[in-house]
Amino acid sequence: MLHQPSGGTQGMASDIAIAAEEILKTRSSLNKLYVHHCQQELAQVEAVMDRDTWFSAQEALDFGVIDDMLRKREDEPVEEDHGGEGSP
């Protein structure tokens with residue numbers, strides 16, 4: 001899932017304004033990183049980041065947010081079936 005940064009702050013209006021400005025700076029920085037690393041246009045990244053965007057593994061690969069998908073672990077041991085509980 002991708003989404004824009006969020007935060008919660010309280011206090012005086014000036015404190016809330018400062019926190020909001022920091023969130024906007026963070027959003028801009030993140031969008032630039034996604035543009036660079038995902039090879040997407042800024043408008044596309046902004047659209048995806050505007051709200052929660054859920055990707056399947058294939059969609060994440062196509063968007064460029066992941067490099068590859070594991071289909072099987074190479075080092076995963078094979079478990080033997082002993083016939084369930086109570087089997088000899």
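Trainee: How do you know that the span of H1 agrees with the number of residues in H1?

Mentor: The expected span of a helix is 1.5 Å times one less than its number of residues. The 26 residues of H1 should therefore span 38 Å, and the end C-alpha atoms are 37 Å apart, which agrees. This is a predicted model, in which local features need pLDDT of at least 70, side-chain atom pairs count only at pLDDT 80 or more, and totals for chains, interfaces and linings use all residues. Residues are numbered from 1 along each chain as its sequence is written, and side-chain values use heavy atoms, with hydrogens and water left out.

Trainee: What makes a run of residues a helix here?

Mentor: A helix is a DSSP run of H or I with at least four residues, a strand a run of E with at least two, both numbered from the N terminus. The protein has three helices and zero strands, in the pattern α-α-α along the sequence.

Trainee: Why is Gln 39 called exposed?

Mentor: Exposed means over 50% relative accessible area, buried under 20%, and partly exposed in between, with a 1.4 Å probe and protein chains only. Gln 39 has 65%, so Gln 39 is exposed. Gln 39 lies in the loop between helix H1 (13–38) and helix H2 (42–50).

Trainee: What is the phi of Gln 39?

Mentor: Gln 39 has a positive phi of about 60° although it is not a glycine. Most residues other than glycine have a negative phi.

Trainee: Which residues of H1 are buried?

Mentor: Asn 31, Tyr 34 and Cys 38 are the buried residues of H1. They pack against H2 and helix H3 (57–63).

Technical notes:
Contact = heavy atoms within 4.5 Å.
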